[in-house]
Amino acid sequence: LVACVLFARRVAHLVEVTSVSDPDGDTRVYSVHGALFFASSNDLYTQFDYAGDPENVVIDLSGAHVWDASTVAALDAITHKYATRGKQVEVIGLNGHSASRYERHSGQLAGAH
């Protein structure tokens, strides 16, 4: 049990988020890489520039895997925080299992983050 907890703590910080603006400057694309689960969800939430980003944001998860509902809750919280600022968010690049989990839980987890 201790080994499981230590492993979760170690891999929680292996998520990498990079961002680029498109040439027109009206969209920011965030690329997420790593395992997204309960231990890495809080780190994910802090990786975005909610106030400074343009009105269109794309979160590309093609290099990531969504392992549990807490990550879906974090993504819902991220999109909600952008929406309160009048910004649109599109989540793309989900693999089959991640897309299924995201579709099944998105919008269903009250009190997300």
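Contact here means heavy atoms within 4.5 Å. This is a predicted model, in which local features need pLDDT of at least 70 and side-chain atom pairs count only at pLDDT 80 or more, while totals for chains, interfaces and linings use all residues. Residues are numbered from 1 along each chain as its sequence is written, and side-chain values use heavy atoms, with hydrogens and water left out.

**View 1. Tryptophan 67 in the loop between strand 3 and helix 3.** Helices (H or I, at least four residues) and strands (E, at least two) are DSSP runs, numbered from the N terminus. Tryptophan 67 touches Ala35, Leu36, Phe37 and Arg101, with residues up to four places away in sequence not counted. From C-alpha to C-alpha, tryptophan 67 and alanine 35 are 7.1 Å apart in space. In sequence, 32 residues separate the two.

**View 2. The whole chain, with four helices and four strands.** The order from the N terminus on is α-β-β-α-β-α-β-α. The chain has 113 residues, and 37% of them count as buried. Buried means under 20% relative accessible area, exposed over 50%, and partly exposed in between (1.4 Å probe, protein chains only). Take the contacts between residues at least 6 apart in sequence: 78% of them join residues at least 24 apart.

**View 3. The packing of helix 3 and helix 4.** Helix 3 spans residues 69-83 and helix 4 spans residues 96-105. Their axes lie 9 Å apart, at an angle of about 65°. Axes are lines fitted to C-alpha atoms, for helices over the stretch in contact, and angles run from 0 to 180 degrees between N-to-C directions. The crossing is right-handed. Helix 3 contributes Ala69, Val72, Leu75 and Asp76, which meet Arg101, Tyr102 and His105 of helix 4. These contact residues divide into four nonpolar, one polar and two charged. Ala, Val, Leu, Ile, Met, Phe, Trp, Tyr, Cys and Pro count as nonpolar, Asp, Glu, Lys and Arg as charged, and the others, Gly among them, as polar.

**View 4. The two sides of helix 4.** Ser98, Ala99, Arg101 and Tyr102 are the buried residues of helix 4. They line one face of the helix, because seen down its axis they fall within an arc of 165°. The arc is that of the directions from the helix axis to the C-beta atoms. The buried residues pack against strand 3 (56-66), helix 3 and strand 4 (88-92). On the other side, Gly96, His97 and Glu103 are exposed. Glycine 107 follows helix 4, with a positive phi near 80°.

**View 5. The one salt bridge of the structure.** A salt bridge is a side-chain nitrogen of Lys or Arg within 4 Å of a carboxyl oxygen of Asp or Glu. Aspartate 53 pairs with arginine 28, the closest N and O atoms being 3.1 Å apart. The pair links distant parts of the chain, 25 residues apart. Aspartate 53 sits in the loop between helix 2 (41-45) and strand 3, and arginine 28 in strand 2 (residues 27-36). Aspartate 53 has 5% relative accessibility, so it counts as buried. Contacts of arginine 28, leaving aside neighbours within four places in sequence, include Ser19, Val20, Asp53 and Pro54.

**View 6. Serine 31 in strand 2.** Serine 31 touches Glu16, Val17, Thr18 and Asp60, not counting residues up to four places away in sequence. The C-alpha atoms of serine 31 and glycine 63 are separated by 7.4 Å. Along the chain, these two are 32 residues apart.

Conventions
A crossing is left-handed if the near helix is turned anticlockwise from the far one by less than a right angle, and right-handed if clockwise.
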